[in-house]
Amino acid sequence: MTTTFNTPSTISAGLRCHCPRCGEGKLFAGFLTLAKRCDRCGLDFSFADPADGPAFFVMSAVGILVVGVWAWSVVVFQPPMWLQFATVFPALIGSCLAALRPMKAWLVAEQFVHKAGEGEWASLGKHGEGGFVYDRRKASGG
Ligand SMILES: [Zn+2]
């Protein structure tokens, strides 16, 4: 049976936190816990493991943005210290929490599209021949 899917762009699947194959099913079962499989098309999400990726990207992006705005506002408005504490920490925490889900969903979608996985070693031929970079047996058309 061949089924065609209206596969969304990775950005679209990420922003909506939907399945990267059909763009319909929900990707998450919890706040950041992935569902076992898509509830619409049945895609198994076990391939998806962005690990620390979302946290790293969100931390970097939010940090640069919020600190940039903070620095600018301090120079321009010279707000009192209590106001800086009252706004900057909630902004940092809130932005991180808001961005984590779409960021993770986007990375999962990128993994799905590019079929990213663990690196695999293949030993071919003698020392100095073949190797894991290039498989000559496949290239010779056998
Ligand atoms: Zn799906």
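## Basis of the model

The model is predicted, so local features need pLDDT of at least 70 and side-chain atom pairs count only at pLDDT 80 or more, while totals for chains, interfaces and linings use all residues. Residues are numbered from 1 along each chain as its sequence is written, and side-chain values use heavy atoms, with hydrogens and water left out.

## Overall fold

The chain has four helices and zero strands. Helices (H or I, at least four residues) and strands (E, at least two) are DSSP runs, numbered from the N terminus. The order from the N terminus is α-α-α-α.

The chain has 142 residues, and 27% of them are buried. Buried means under 20% relative accessible area, exposed means over 50%, and partly exposed lies in between (1.4 Å probe, protein chains only). The accessible surface of the chain is about 10,200 Å². Carbon and sulfur atoms account for 64% of that surface. Areas come from the Shrake-Rupley method with a 1.4 Å probe; for residues, only the protein chains shown count as cover.

Contact means heavy atoms within 4.5 Å. Take the contacts between residues at least 6 apart in sequence: 47% of them join residues at least 24 apart.

The ideal angle for four tetrahedral donors is 109.5 degrees.

C19 is buried at 0% relative accessibility. C22 is buried at 9%. C41 is buried at 18%. The structure holds zero disulfides, a disulfide being a pair of cysteine sulfur atoms within 2.5 Å.

## Nonpolar cores

The largest nonpolar core has 14 residues. Within this core, C19, L27, C38 and F45 have the most contacts. A nonpolar core is a set of buried Ala, Val, Leu, Ile, Met, Phe, Trp, Tyr and Cys residues joined through side-chain atoms within 4.5 Å. Leaving aside residues up to four places away in sequence, C19 touches P8, A13, G25, L27, C38, C41, L43 and F45.

Another core, of six residues, lies apart from the largest one. Its members include V62, V66, V88 and M103.

## Backbone and loop residues

Two residues other than glycine have a positive phi. C17 has a phi near 60°. C17 lies in the loop between α1 and α2 and is buried at 12% relative accessibility. Q78 has a phi of about 45°. Q78 lies in the loop between α2 and α3 (81–114) and is exposed, with a relative accessible area of 65%. Most residues other than glycine have a negative phi.

E24 is also in the loop between α1 and α2. E24 is partly exposed, at 47% relative accessibility. Leaving aside residues up to four places away in sequence, E24 touches H18 and R40. E24 and C38 are 14 residues apart in sequence and 8.5 Å apart in space, C-alpha to C-alpha.

S46 lies in the loop between α1 and α2 and is exposed at 59% relative accessibility. S46 and A35 are 11 residues apart in sequence, with 8.9 Å between them in space, C-alpha to C-alpha.
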